[in-house]
Amino acid sequence: MKVVLEKAAIFIYLNKTCFNGLYMVNSEGKFNVPFGKYKKPAILQETKLRIASKLLQNTELSVSNFTEAVKKAKENDFVYMDPPYFPLTKTASFTSYQKDAFLEKEQRQLAKEFQQLDKKGCLLMLSNSDTSLIRKLYSDFNITTVKARRAINCIGAKRGVINEIVVRNY
Ligand SMILES: C[S@@+](CC[C@H](N)C(=O)[O-])C[C@H]1O[C@@H](n2cnc3c(N)ncnc32)[C@H](O)[C@@H]1O
């Protein structure tokens, strides 16, 4: 247990002090975000951590590929999917540097899973970037445009509100 707690504490420290709170791994799957520049990083947020801890009681967390993760879903289950965003432009993508890139092929596979879960009778919600591919993949479902704040951008002026889409089958 001590090792798990130590790992969690180290991860929080890294997340709160790294560049823009980004999470990114290299081709070996190791955390490789540069140092951030903070005058007073809020590393220990006890109240928030205690609230999160309370909410996570009686909750089962698992880490797996999405194909594995959705296998347990049954009729009337609610499934929310928040996959890596499909890049708005070719150069805007971080995903291709990562160990397990999430590119067009994966977005298409995920859309197939979405359709299968729909047939099973699950209630589904998915968020993604507002791009023609994503709109095409989910054209049979309800698509709503929402404004989302993007804090992670190395150019301050480009941090701001952008359009994202929310797809629902209800
Ligand atoms: C847009 S983020 C979602 C963040 C999450 N909703 C949150 O609030 O922390 C996309 C997530 O998809 C995960 N991911 C990438 N490839 C995946 C895969 N093949 N199967 C399942 N999850 C994957 C990434 O690790 C990342 O955490």
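**View 1. Strands E1 and E2 run side by side.** E1 and E2 are parallel, joined by four bridges; strands are said to pair here if DSSP finds at least two bridges between them. Helices (H or I, at least four residues) and strands (E, at least two) are DSSP runs, numbered from the N terminus. What you're looking at is a predicted model, in which local features need pLDDT of at least 70 and side-chain atom pairs count only at pLDDT 80 or more, while totals for chains, interfaces and linings use all residues. Residue numbers start from 1 along each chain as its sequence is written.

**View 2. Zooming in on Val-79.** Leaving out residues up to four places away in sequence, Val-79 touches Val-70, Ala-73, Leu-117, Cys-122 and Leu-124; a contact here needs the two C-beta atoms, placed from the backbone, to lie within 7 Å. How many other C-beta atoms lie within 10 Å of Val-79? There are 19, so Val-79 is partly exposed. For burial, a residue counts as buried with 20 or more other C-beta atoms within 10 Å of its own, exposed with 12 or fewer, and partly exposed in between, with C-beta atoms placed from the backbone.

View 3. E2 pairs with strand E4 (residues 160–168) in the antiparallel sense, over five bridges. E3 and E4 are antiparallel too, with nine bridges. As for strand E3 (residues 142–150), the number of buried residues among its nine is zero, so E3 lies largely in the open.

**View 4. Inside the largest nonpolar core.** This core has 13 residues, and Ala-111, Phe-114 and Tyr-138 have the most contacts inside it. A nonpolar core means a set of buried Ala, Val, Leu, Ile, Met, Phe, Trp, Tyr and Cys residues joined through C-beta atoms within 7 Å. Helix H4 (104–120), strand E2 (123–129) and helix H5 (132–137) are the elements that give two or more residues to the core. H4 gives the most, with four. Look for Ala-111 in particular: leaving aside residues up to four places away in sequence, Ala-111 touches Leu-137 and Tyr-138. In soluble globular proteins, nonpolar side chains tend to be buried together.

**View 5. Who's around the ligand?** Eight residues surround the ligand, and the closest are Asn-65, Phe-66, Asp-82, Pro-84 and Phe-102. To be near, a residue must have its C-beta atom, placed from the backbone, within 6 Å of the molecule. The shell splits into four nonpolar, one polar and three charged residues.

View 6. H1 (residues 2–17) has 16 residues and reaches 23 Å from its first C-alpha to its last, close to the 22 Å expected at 1.5 Å a residue. That expected span is 1.5 Å times one less than the number of residues. H1 is hardly covered, with a buried count of zero among its 16 residues.

**View 7. The loop at Gly-36.** Gly-36 belongs to the loop between H1 and H2. Gly-36 and Cys-18 lie 18 residues apart in sequence but 4.3 Å apart in space, C-alpha to C-alpha. Not counting residues up to four places away, Gly-36 touches Thr-17, Cys-18, Phe-19 and Asn-20. Gly-36 has 15 C-beta neighbours inside 10 Å, so Gly-36 counts as partly exposed.

**View 8. Two asparagines with positive phi.** Most residues other than glycine have a negative phi. Asn-58 has a positive phi, near 60°, and is found in the loop between helix H2 (46–55) and helix H3 (66–69). Asn-76 has a positive phi as well, near 75°, and lies in the loop between H3 and strand E1 (78–81). Are these residues buried or exposed? Asn-58 counts as exposed because it has 5 C-beta neighbours inside 10 Å, and Asn-76 is exposed with 9 other C-beta atoms within 10 Å.

Key. Nonpolar A, V, L, I, M, F, W, Y, C, P; charged D, E, K, R; others polar.
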